Amino acid sequence: MDINQILLQAFAPMIASYGWLFVLLIVIGFLKTPFMKGVIGEALVNLAATLFLDKTIYRLFKNVTLPTEDGTTQVDHVIVSPYGIFVIETKNLKGWIFGNAQQKMWTQQIYKHKNQFQNPLHQNYKHTQTLQSALEIEPSKLFSLVVFVGDSEFKTPMPENVVYAGGYIRFIKSKQQRLLTENEVAEVCRKIQAGRLKPSIKTHIEHVKHVKTIVEQKQQQSENACPKCGKPMILRTAKTGDNQGNQFWGCSAYPRCRAVKAV
């Protein structure tokens, strides 16, 4: 009898008695994954729209994946109304949130641990630009909106279009100027439905692969960035001196920046 069989026999009574506990722990672990946090956050936004927005006025589109020149972009929610088109990015995060509209990266802090994430306003900018192009509509008729759900707290002043879950309905209802006629609303809805990729697991998986590729490319660019000015480093060969013939990384902004790195 090998060690695996011995362990299985030893723990069999415990597994039989507390099997439900193991299943519960697995479920809890799954619910804490980034994927499920995103699903839960989007579900909360969907529920609020269903409960508090008049369906005859506001039309909700969920998980809108649109083709772009370099792949796809996925919008969490698009709400179409006579008062404008609301492009919504959802973030399910906890802890303290630091950031402003101009920063490239924002910071999430949980106790002493800090984690950086892409400025969601910048992330949503691509969504609004893609929709504007697809719908052939003026940018003034689209509103970018970032909604935080979960146990998070803003520790820096945020723009009016970055809100907690409870504030996003108020933001939408605060827009009372009619920007689209009923016919234009119907046409926008038709274009979104016709232009989006079919919602499916396959569409989601392909989009996730595309996002991972972009992230890897940005990481590579970051790793090869100049430590002084951030410009790309270029592989060069020393022509003179003691290191003649040896290769090194030199800043592409030379001679303005003379930073070098060893190969």
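This is a predicted model: local features need pLDDT of at least 70, side-chain atom pairs count only at pLDDT 80 or more; totals for chains, interfaces and linings use all residues.
Close-up 1. Together with Leu51 and Phe52, Leu47 makes up a nonpolar patch on the surface, and the three share about 330 Å² of accessible area. Leu47 itself is partly exposed, at a relative accessible area of 47%.

**Close-up 2. The second largest pocket.** Here we look into a pocket with a volume of about 260 Å³. Its lining is made of 14 residues, and Arg236, Ala238, Phe248, Gly250 and Val260 are the ones nearest the centre. Strands S11 (247-251) and S12 (260-262) each bring at least two residues to the lining, with S11 giving the most, 4 residues. Sort the lining by class and you get 7 nonpolar, 4 polar and 3 charged residues.

**Close-up 3. The salt bridge between Lys91 and Glu89.** The side chains of Lys91 and Glu89 meet at 3.6 Å, N to O. Lys91 is buried, with a relative accessible area of 17%, and Glu89 is buried too, at 4%.

**Close-up 4. The salt bridge between Lys191 and Glu136.** These two side chains come together at 3.5 Å, N to O. Lys191 belongs to helix H5 (residues 182-195) and Glu136 to the loop between helix H3 (120-135) and strand S7 (142-149), so the pair ties together parts that are 55 residues apart in sequence. Lys191 is partly exposed at 22% relative accessibility, while Glu136 is exposed at 67%.

**Close-up 5. The salt bridge between Arg178 and Glu182.** Arg178 and Glu182 pair through their side chains at 4.0 Å, N to O. Arg178 is exposed, with a relative accessible area of 54%. In total, the model has 7 salt bridges.

Definitions and conventions:
Residues are numbered from 1 along each chain as its sequence is written. Side-chain values use heavy atoms; hydrogens and water are left out. Patches are made of residues with over 30% relative accessible area and no salt bridge: like charges are joined within 9 Å, nonpolar side chains (Val, Leu, Ile, Met, Phe, Trp, Tyr) within 5 Å. Accessible areas come from the Shrake-Rupley method with a 1.4 Å probe; for residues, only the protein chains shown count as cover. Buried means under 20% relative accessible area, exposed over 50%, partly exposed in between (1.4 Å probe, protein chains only). On a 1 Å grid over the protein atoms alone, a cavity is a set of points where a 1.4 Å probe fits but cannot get out, and a pocket is an open set with protein on both sides within 12 Å along at least five of seven lines; lining residues have an atom within 4 Å of a point. Grid points are joined across faces, edges and corners, and a volume is the space filled by probe spheres set on the points. Ala, Val, Leu, Ile, Met, Phe, Trp, Tyr, Cys and Pro count as nonpolar, Asp, Glu, Lys and Arg as charged, and the others, Gly among them, as polar.
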